[in-house]
There are 4 protein chains.
Amino acid sequence: MTIDSSALQQRFVSIRENKTFETFVIAVIIISALVIGAKTYTINAQVDLLFKILDITITLFFLSEIIIRMIADHSLKKFFSKGWNIFDFIIVTASLIPIDESEMALLGRLLRIFRVLRLVSIIPELRVLLNAFVTAIPRMVYVSVLMFIFFYIYAAMGSIFFSKINPELWDNITISMLTLFRVATFEDWTDVMYETMEVYPFSWIFYLTFIFIVAFVFLNMMIGIVLEVLQREHEKFDRETGEGEAGEVHWIREHTESMEQRMKSMEKMLINLQENKKSPSDPS
Amino acid sequence: MTIDSSALQQRFVSIRENKTFETFVIAVIIISALVIGAKTYTINAQVDLLFKILDITITLFFLSEIIIRMIADHSLKKFFSKGWNIFDFIIVTASLIPIDESEMALLGRLLRIFRVLRLVSIIPELRVLLNAFVTAIPRMVYVSVLMFIFFYIYAAMGSIFFSKINPELWDNITISMLTLFRVATFEDWTDVMYETMEVYPFSWIFYLTFIFIVAFVFLNMMIGIVLEVLQREHEKFDRETGEGEAGEVHWIREHTESMEQRMKSMEKMLINLQENKKSPSDPS
Amino acid sequence: MTIDSSALQQRFVSIRENKTFETFVIAVIIISALVIGAKTYTINAQVDLLFKILDITITLFFLSEIIIRMIADHSLKKFFSKGWNIFDFIIVTASLIPIDESEMALLGRLLRIFRVLRLVSIIPELRVLLNAFVTAIPRMVYVSVLMFIFFYIYAAMGSIFFSKINPELWDNITISMLTLFRVATFEDWTDVMYETMEVYPFSWIFYLTFIFIVAFVFLNMMIGIVLEVLQREHEKFDRETGEGEAGEVHWIREHTESMEQRMKSMEKMLINLQENKKSPSDPS
Amino acid sequence: MTIDSSALQQRFVSIRENKTFETFVIAVIIISALVIGAKTYTINAQVDLLFKILDITITLFFLSEIIIRMIADHSLKKFFSKGWNIFDFIIVTASLIPIDESEMALLGRLLRIFRVLRLVSIIPELRVLLNAFVTAIPRMVYVSVLMFIFFYIYAAMGSIFFSKINPELWDNITISMLTLFRVATFEDWTDVMYETMEVYPFSWIFYLTFIFIVAFVFLNMMIGIVLEVLQREHEKFDRETGEGEAGEVHWIREHTESMEQRMKSMEKMLINLQENKKSPSDPS
């Protein structure tokens with residue numbers, strides 16, 4: 001029995017590692033994505049039936065694929081230690097819940113959409129890109145908090161002064177923040193400004209300082225962080241391959257280390273020579 | 001007496017340094033911010049009373065907190081030497097002024113909004129971010145002056161030629177500059193252009209050169225400065241920790257220094273050896 | 001006969017290499033471009049005739065130019081091994097097809113437009129720029145795929161929830177993606193949002209997360225890639241000329257190498273000295 | 001006489017170098033700029049008279065200032081060798097032409113506006129900024145040419161296919177290029193697209209490829225060039241002051257050079273030692 005299950009596990013590992021199987025999984029994910037897309041068009045009953053059958057087939061395939069990967073990993077703990085596996089598991093099991101009522105159907109369709117994200121977990125190049133993006137998150141959170149504070153202050157000011165002018169844009173702090181986000185994207189922001197300038201002629205100072213602080217400095221800081229992550233990643237690659245400036249610097253560092261070692265030994269020899277010089281001359 | 005006050009001071013220092021106290025202050029600032037935000041919604045009399053009581057409590061808490069920090073610092077001079085302390089002091093004392101008339105009430109609410117900025121002074125990561133932003137200011141001022149000169153020139157040209165076409169946009173130099181700022185943000189700038197092109201068919205040259213000069217070069221210069229500050233900060237961090245390219249370069253620099261020192265001593269020994277060689281052989 | 005053809009070939013090579021000839025070709029391409037541009041204006045019959053004659057002349061000139069270059073290269077294989085040559089050949093031969101019917105005439109005019117691209121293949125500085133752009137393509141493709149996945153997911157969600165609100169914007173996944181691209185460029189995106197917020201008041205979360213993910217992160221990644229390519233190119237140039245930081249690093253690398261070599265030989269000599277020291281003293 | 005003129009020249013040099021005089025010139029330029037700005041407001045006759053007197057005073061002051069600088073420089077050739085001096089000379093002499101007719105008055109006012117640019121030539125920090133901008137021009141020209149070629153191709157295509165749909169936007173190649181520039185700035189570009197999509201449903205490909213090529217790649221290239229110029233400038237400053245990474249690299253480079261020199265001399269000494277070793281042992 002144990003030999004049997006071990007052999008099965010071995011087979012499943014080989015299936016998981018199989019290049020053709022991987023390509024097939026990618027193909028199924030793409031088909032699944034196309035079905036989701038096609039469903040947004042008005043379709044006749046026959047095609048709809050075909051899609052239903054396809055959907056069941058895809059769901060079952062994903063189920064078996066995840067079971068294969070679960071068994072291939074030696075323990076469930078190991079399987080669930082990877083974030084992407086948890087993501088896959090939720091997407092697949094959630095698709096199993098039978099959904100026919102209109103309310104739940106919407107949720108079911110929503111879950112099926114997220115299957116497309118599985119492409120990212122399977123194609124390595126995309127995973128690298130997303131990881132770079134995830135690396136930037138911690139620093140981005142602080143920039144976002146700082147940006148949020150400025151948004152909050154300006155939104156509070158906005159809704160105190162402008163709420164009577166146009167309640168649709170400035171009624172309370174939530175709506176005001178949405179309006180300010182719109183101003184930050186330069187979307188018809190002059191319409192917002194000209195309206196309040198009729199009551200407060202100097203309210204352009206409010207908008208201009210806001211745009212300068214938020215759009216110019218903080219957005220650029222975000223750009224800066226993304227660029228930095230990219231550059232850092234690149235540098236790391238350079239150092240490993242020895243190409244580019246960072247690669248050369250790393251080469252120099254290593255060789256400086258060995259040169260210093262060599263110098264130390266040379267110095268010792270010189271000291272030896274000096275002492276030898278003196279010691280033989282002394283007895284003579 | 002003096003021992004008493006010194007003990008009190010010591011206690012206040014320990015309160016100020018206390019991590020729980022800091023978290024509590026952050027919590028109070030956030031509550032204060034939420035109250036400001038909540039007030040922008042239409043609220044009934046009961047909630048309004050609650051908010052008034054909350055506001056008095058918060059004001060008193062901030063007052064005692066700032067007094068604690070004042071006493072914890074050994075002298076008022078030391079306290080006021082930090083920019084953020086001055087900022088805190090103004091915000092807190094200004095909140096103490098009783099405000100009930102409609103005119104002053106607005107100012108009072110405005111001052112309370114700025115309390116949110118105290119979050120920046122308390123959370124170190126935000127302080128670092130804001131400092132990076134402040135570091136970039138001197139260079140940004142010169143770019144802004146250069147940008148302002150170009151805005152001024154174009155605005156003067158605009159109001160000379162276009163003021164009769166649309167006085168709302170080009171009546172005088174202030175309005176013209178606002179219109180040009182709008183053009184620089186690409187906000188419905190074609191509407192502005194098509195209008196003047198009916199009278200001056202070649203006025204698109206005015207707008208295109210303006211957009212090229214301001215939007216493409218100067219905005220990018222600003223981006224460049226922000227990025228540079230970020231990079232510089234990062235390099236500094238690298239050099240201190242010894243990580244990354246800048247860290248390696250710093251390592252090499254230091255080791256080159258010690259290698260040179262070692263070489264000098266080796267050279268001396270060699271010269272000694274050479275002279276020893278000659279001198280013992282000469283007398284023989 | 002063979003001598004004759006070889007002499008002819010030699011003459012063609014010298015024509016191709018001739019600076020004046022190159023300038024003349026550039027001039028003809030520019031004239032060809034101007035004719036294309038001039039044709040978009042309403043022109044009278046006489047000028048139209050002139051343009052037709054000019055067009056035939058230009059086509060014949062391009063034909064002879066390409067034949068000269070074909071013969072100058074020793075074999076057709078060599079000629080067609082360069083991508084730009086294939087491009088030139090297609091543009092020129094396609095222009096030869098007589099076009100008079102309205103349908104084909106459009107295609108003919110379209111092909112003539114692409115002649116302007118020949119400028120890029122002739123001016124070296126432009127070719128370098130375009131090459132830098134082409135170098136960035138592989139990495140850009142992955143970013144585009146990742147961006148496409150996010151667009152697809154959001155478009156599917158959009159057409160599921162919003163198709164009944166405004167079929168013009170959200171009817172199916174293709175239209176939804178176009179609408180989302182519009183949102184990503186900040187083009188009247190608030191109009192799109194306010195419309196759906198009337199039915200789903202929290203749909204602003206949909207737009208804001210989309211804008212944050214796509215506009216802030218992925219667009220910046222694209223910027224990052226372009227900047228990286230530029231920097232890399234610059235570094236390469238620096239290393240070759242020895243200017244700038246990268247140039248200095250390269251200089252150091254090379255000299256560290258030679259220093260290490262020198263050290264090794266010095267060490268050997270020192271070892272020799274030490275052994276000599278011992279060996280002569282031993283026999284004595 | 002010659003002594004007199006030489007003394008005068010010396011005095012003029014000292015005036016030109018005088019810090020107070022420089023500040024005074026800056027003040028006059030700013031007043032001149034303010035007068036230009038104030039004139040765009042509707043002003044009564046009295047103020048207008050004041051402005052006229054001010055204008056004459058300023059013109060005369062600038063005239064005497066330029067004469068002082070001309071005499072201070074030893075020859076006219078030296079004076080006119082600096083680009084900014086030529087600029088100043090044109091602005092000042094052009095202001096001397098009496099202008100009272102309505103047509104010429106406009107030109108006169110236009111020339112007076114450009115006086116503001118003199119601020120850039122006087123304040124060194126602004127001159128540095130503008131020089132950085134000028135350094136980037138040659139590379140920017142090639143990017144602009146490449147961008148222009150793409151604009152031209154798309155504009156030609158646009159006016160061939162879309163001129164019948166909306167002649168106001170696509171009538172001829174000039175108008176088409178302006179429309180495409182508008183699309184590149186994302187200004188109501190969807191309105192342009194939706195209009196043509198009614199006739200050619202797939203014309204979104206035209207706009208999307210255009211936006212991708214122009215807005216994403218080429219604009220970013222321009223950003224890249226500006227950033228590069230900034231970085232290069234910064235690196236140069238670093239190398240000179242020895243601060244930052246580039247400064248350290250430069251330090252290492254110099255010390256590697258001296259270390260190599262020292263090594264060469266040490267090697268020579270070692271070779272000497274080895275030969276000495278052999279030579280004295282030989283005769284014995």
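Biologist: How many salt bridges are there over all chains?
Modeller: This is a predicted model, and a search of the whole structure finds 41 salt bridges over all chains.

Biologist: Which residues of chain A are linked in a network of salt bridges?
Modeller: The network of salt bridges links A:Glu65, A:Arg69, A:Asp88 and A:Arg118.

Biologist: And what does A:Lys52 meet in a salt bridge?
Modeller: The side chain of A:Lys52 meets that of A:Asp48, with 3.9 Å from N to O.

Biologist: How many residues apart are A:Lys52 and A:Asp48 in helix α3?
Modeller: They are 4 residues apart in helix α3 (residues 45-72) of chain A, so about one helical turn separates them.

Biologist: Moving to chain B, what does B:Arg115 meet in a salt bridge?
Modeller: B:Arg115 and B:Asp55 meet through their side chains, at 3.7 Å from N to O. This pair links distant parts of the chain, 60 residues apart. B:Arg115 sits in the loop between α6 (102-113) and α7 (118-122) of chain B, whereas B:Asp55 belongs to helix α3 (residues 45-72) of chain B.

Biologist: Are B:Arg115 and B:Asp55 buried or exposed?
Modeller: Both B:Arg115 and B:Asp55 are buried.

Biologist: In chain C, which side chain meets C:Asp55 in a salt bridge?
Modeller: That is C:Arg112, with 2.9 Å from N to O. C:Asp55 and C:Arg112 are both buried.

Biologist: Let us turn to the interface. What area do chain B and chain D bury between them?
Modeller: Chain B and chain D bury about 5900 Å² between them, and 72% of that is on carbon and sulfur atoms. The contact involves 61 residues of chain B and 57 residues of chain D.

Biologist: Why is area the figure given for the size of an interface?
Modeller: The size of an interface is often expressed as the accessible area lost when the parts come together.

Biologist: How many salt bridges and polar contacts are found across it?
Modeller: The interface of chain B and chain D has 1 salt bridge and 12 residue pairs in polar contact, both residues being at pLDDT 80 or more. The salt bridge joins the side chains of B:Glu267 and D:Arg262 at 2.9 Å, N to O.

Biologist: Which elements of chain B touch chain D?
Modeller: Those that give two or more residues are α9 (137-162), α11 (173-184), α12 (189-197), α13 (204-241) and α14 (244-281) of chain B. The largest share, 19 residues, comes from α14(B).

Biologist: What rotation superposes chain B on chain D?
Modeller: A rotation of 90° does so, with 0.0 Å of shift along its axis and an RMSD of 0.1 Å. The two copies are thus related as by a four-fold rotation axis.

Biologist: Now some single residues. Where is A:Thr190, and is it buried or exposed?
Modeller: A:Thr190 is in helix α12 (residues 189-197) of chain A, and it counts as buried at 0% relative accessibility.

Biologist: What is A:Thr190 in contact with?
Modeller: Beyond its neighbours within four places in sequence, A:Thr190 is in contact with B:Arg182 and B:Glu187. The side chains of A:Thr190 and B:Glu187 also form a polar contact of 2.6 Å.

Biologist: Where does C:Asn166 lie?
Modeller: C:Asn166 lies in the loop between α9 (137-162) and α10 (167-170) of chain C. It is buried, with a relative accessible area of 14%. The side chain of C:Asn166 reaches the backbone nitrogen of C:Glu168 at 3.1 Å. Leaving aside neighbours within four places in sequence, C:Asn166 touches C:Asp171 and C:Glu195.

Biologist: Finally, which residues does D:Asn85 touch?
Modeller: Not counting residues up to four places away in sequence, D:Asn85 touches D:Arg69, D:Asp73 and D:Phe79. A polar atom of the D:Asn85 side chain lies 2.8 Å from the backbone oxygen of D:Phe79. D:Asn85 is located in helix α5 (residues 83-96) of chain D and counts as buried at 7% relative accessibility.

Technical notes. Residues are numbered from 1 along each chain as its sequence is written. Chains are lettered from A and ligands numbered from 1 in the order in which they are written. This is a predicted model: local features need pLDDT of at least 70, side-chain atom pairs count only at pLDDT 80 or more; totals for chains, interfaces and linings use all residues. Side-chain values use heavy atoms; hydrogens and water are left out. Buried means under 20% relative accessible area, exposed over 50%, partly exposed in between (1.4 Å probe, protein chains only). Contact means heavy atoms within 4.5 Å. A polar contact is a pair of N or O atoms within 3.5 Å; within protein, one must be able to donate a hydrogen and the other to accept it, and residues adjacent in sequence count only if both atoms are side-chain atoms. Copies are superposed by least squares on the C-alpha atoms of residues with pLDDT of at least 70 in both. Buried area is the accessible area (1.4 Å probe) that two parts lose on being put together, summed over both. A salt bridge is a side-chain nitrogen of Lys or Arg within 4 Å of a carboxyl oxygen of Asp or Glu.
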